[in-house]
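This report describes the fold of one protein chain for a reader who is new to structural description. Please keep the sequence and the structure in view while reading.

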Amino acid sequence: MPGTPRTPAPAPSPALLTAAPAPAAPPASAAPASASLAGEAARATRRQLLVGGAATLGAVALASGWAPEAHADAAPRPGRVAEPFTLGVASGEPRHNGVVLWTRLAPDPLAENGLGGMPDRRVEVEWQVSRDEDFRRITTSGTVGTGPHAAHSVHVEVQGLRPGTPYYYRFRHGNEISPVGRTRTTPAPNARTDRFAFAFASCQSYTSGHFTAHEHLAREDLDLVVFLGDYIYETGEAGGAGRPHVPAREVQTLAEYRVRHAQYKADAGLQAAHAAFPWAVVFDDHELENNWADETPYGGEPSEAFLQRRADALKAYYEHMPLRRSQIPAGPDMHLYRKLSFGNLVDVHLLDTRQYRDVQVADSERGDPSRTLLGADQRAWLLNGLSSSRARWNVLAQQVFFSQRDFAAGAATDFSDDAWDNYRVERDTVRDALARVRNPVVITGDVHANYVCDVKADFDDPGSATVATELVGTSFTSGGDGAEQNPGDAVQLRENPHIRFVNRRRGYVRNVVTPTGWTADYRTLDYVTDPGAPITDRARFVIDDGVPGVRPQA
């Protein structure tokens with residue numbers, strides 16, 4: 001029932017490989033592969049992206065004994081897979097003693113059956129982790145198996161690493177070596193931590209623009225990237241940037257969702273950003289379909305067909321993300337809400353605002369106290385986590401606009417039915433819990449615009465206390481080039497005095513957190529419909545320790 005969380009999938013045996021349960025054979029219903037995209041992915045792999053830059057494969061391979069010419073598989077043989085690492089590598093879910101490493105073997109990433117051109121059999125993949133980017137001293141290594149049941153994706157949960165330490169990692173299948181990625185473990189629990197740097201953004205429509213922002217992101221000095229939803233778009237649109245979706249229709253099946261994820265993952269800029277830092281990801285709506293709510297499609301009725309589509313979408317999502325085995329979907333259900341901690345400095349609560357929400361209603365019904373966006377179990381988990389946190393900064397990383405936002409001028413009101421405003425009583429409960437913890441900050445995606453908001457004790461009383469800060473990040477590309485502001489933004493600013501800043505360019509928010517303050521840089525591009533845009537610091541805001549609200553900086 002809506003608002004009722006389901007039981008997450010049970011953890012499999014404690015092997016290093018995490019793979020989703022095997023479904024029935026996927027239908028071969030996607031459109032033919034794009035040769036140009038596959039070629040772009042292959043060229044990116046040959047460049048051997050190393051944390052956003054080129055590396056010399058031969059020197060790195062020879063240093064560790066992974067020289068292609070020295071390997072037993074070097075001789076051509078039937079069934080040999082060439083160029084399997086077209087989708088790059090990624091890491092995520094960092095802990096003080098480990099991290100998740102990800103790749104997917106896909107020599108033909110847009111193959112219409114969703115299996116990436118791999119043979120219909122189980123294969124083995126080797127992996128290595130090293131403190132050195134030349135892999136002269138291997139910290140840990142192993143071999144894992146994968147197969148068509150998981151679209152030949154690989155999830156390695158590495159353990160036994162040192163806290164607060166950078167590492168390099170890579171994979172090999174047969175004679176082929178992957179690009180090299182860089183990752184970092186978190187500080188030890190409750191350890192004194194003087195600096196945490198991270199970026200967040202969301203909404204990266206492939207058809208709306210080039211992933212130039214990812215290229216800039218890969219050059220930052222960060223400990224983490226937080227992605228707040230809409231990693232793919234399910235639509236069949238062609239867009240205006242010369243990057244049409246494949247297939248050229250709205251995706252519905254497991255095979256089609258796999259192809260769509262592969263199309264996005266084959267982008268060289270996105271690969272560089274994944275290879276540079278560990279990521280923490282949550283989905284929003286377009287990973288499945290626009291504005292869905294629990295078991296209900298937007299404007300539709302619950303059905304078995306929608307639940308099957310949801311199961312297919314979440315399975316494909318897991319297969320393409322650096323997530324732990326605790327996130328493996330069980331049919332249409334996926335346990336995604338969780339907490340990441342960075343020493344004694346920052347606790348990040350990652351929320352799921354889709355799977356448990358009640359359906360959207362008209363403004364006249366938004367004050368119903370029984371309505372939920374989080375579901376009872378997630379709400380209890382969050383409130384308990386906030387009340388027990390010992391961190392200096394407490395972050396809610398979530399998808400939809402948290403602060404009140406009235407779009408209508410004068411006495412009339414007009415609120416978004418897909419944001420927290422449509423679940424007002426529960427939003428106010430969470431807001432009151434934030435008011436009781438140290439340095440609460442909400443980070444948000446979804447709306448394809450930059451905002452900064454004072455979270456008020458009473459949004460209808462501008463004179464009430466500011467109890468927290470909401471930082472809303474723009475999209476990477478969704479919405480096209482964007483603008484400084486839209487005509488309706490003047491009304492928003494006038495009707496919602498707690499909104500301190502609005503900007504509609506594309507980019508991301510870079511944050512540096514210390515014991516004494518939080519600095520947020522809104523980094524934007526003037527255009528995304530053509531490649532190569534420079535990035536600029538559009539605005540900077542500071543939150544002081546112990547003082548809710550922001551100070552704009554010149």
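Strands β21 and β22 (residues 517-525) pair in the antiparallel sense over 8 bridges. Here helices (H or I, at least four residues) and strands (E, at least two) are DSSP runs, numbered from the N terminus, and two strands pair if DSSP finds at least two bridges between them. A hairpin of 3 residues connects β21 to β22. Within this pairing, Val512 has Thr519 of β22 as its bridge partner.

The model is predicted, so local features need pLDDT of at least 70 and side-chain atom pairs count only at pLDDT 80 or more, whereas totals for chains, interfaces and linings use all residues. Residues are numbered from 1 along each chain as its sequence is written, and side-chain values use heavy atoms, with hydrogens and water left out.

**The sheet around β21**

Strand β11 (residues 196-201) is joined to β21 by 5 bridges, and these two strands run antiparallel. Ala197 stands opposite Val512 of β21. Why is β21 largely enclosed by the rest of the structure? Of the 8 residues of this strand (residues 506-513), 7 are buried, so the rest of the structure largely encloses β21. Buried means under 20% relative accessible area, exposed means over 50%, and partly exposed lies in between (1.4 Å probe, protein chains only).

These strands belong to an open sheet of 10 strands with mixed pairing, in the order β7-β4-β3-β13-β12-β11-β21-β22-β23-β24. Its edge strands, β7 (153-158) and β24 (551-553), each pair on one side only. From one strand to the next, the twist averages 30°. Strands of a sheet pair through backbone hydrogen bonds, either parallel or antiparallel. A parallel example is the pair β3 (residues 89-95) and β13 (residues 278-281), joined by 2 bridges. In this pair, Ser91 stands opposite Pro278 of β13. Helix α5 (residues 268-276) lies across β3 and β13, at about 35° to β3. For such angles, axes are lines fitted to C-alpha atoms, for helices over the stretch in contact, and angles run from 0 to 180 degrees between N-to-C directions.

**Residues in loops**

| Residue | Relative accessible area | Class |
|---|---|---|
| Cys203 | 0% | buried |
| Gly240 | 70% | exposed |
| Asp294 | 0% | buried |
| Thr477 | 0% | buried |

Cys203 is in the loop between β11 and α3 (212-217). Although Cys203 is not a glycine, its phi is positive, at about 60°. Asp294, in the loop between β13 and α6 (304-319), is not a glycine either and has a positive phi of about 55°.

Thr477 lies in the loop between β19 and α9 (489-495). Leaving out residues up to four places away in sequence, Thr477 touches Cys203, Gln204, Ser205, Ser208, Gly209, His210, Phe211, Arg506 and Val528. Contact means heavy atoms within 4.5 Å.

Gly240 is in the loop between β12 (224-227) and α4 (254-265). Gly240 and Thr207 are 33 residues apart in sequence, and their C-alpha atoms are 6.7 Å apart in space. Pro247 is also placed in the loop between β12 and α4. The peptide bond from Val246 to Pro247 is cis, with omega near -5°.

**Helix α8**

Which residues of helix α8 (residues 424-434) are buried? They are Glu426, Arg427, Asp428, Val430, Arg431, Ala433 and Leu434. Their cover includes α7 (376-388), β16 (393-397), β17 (440-444), β18 (450-456) and β19 (466-472).

**The largest pocket**

The largest pocket holds about 400 Å³ of space. On a 1 Å grid over the protein atoms alone, a pocket is an open set of points where a 1.4 Å probe fits, with protein on both sides within 12 Å along at least five of seven lines, and lining residues have an atom within 4 Å of a point. Grid points are joined across faces, edges and corners, and a volume is the space filled by probe spheres set on the points. Of the 25 lining residues, the closest to the centre of the pocket are Lys339, Leu340, Ser341, Phe342 and Asp347. Strand β14 gives the most to the lining, with 5 residues.
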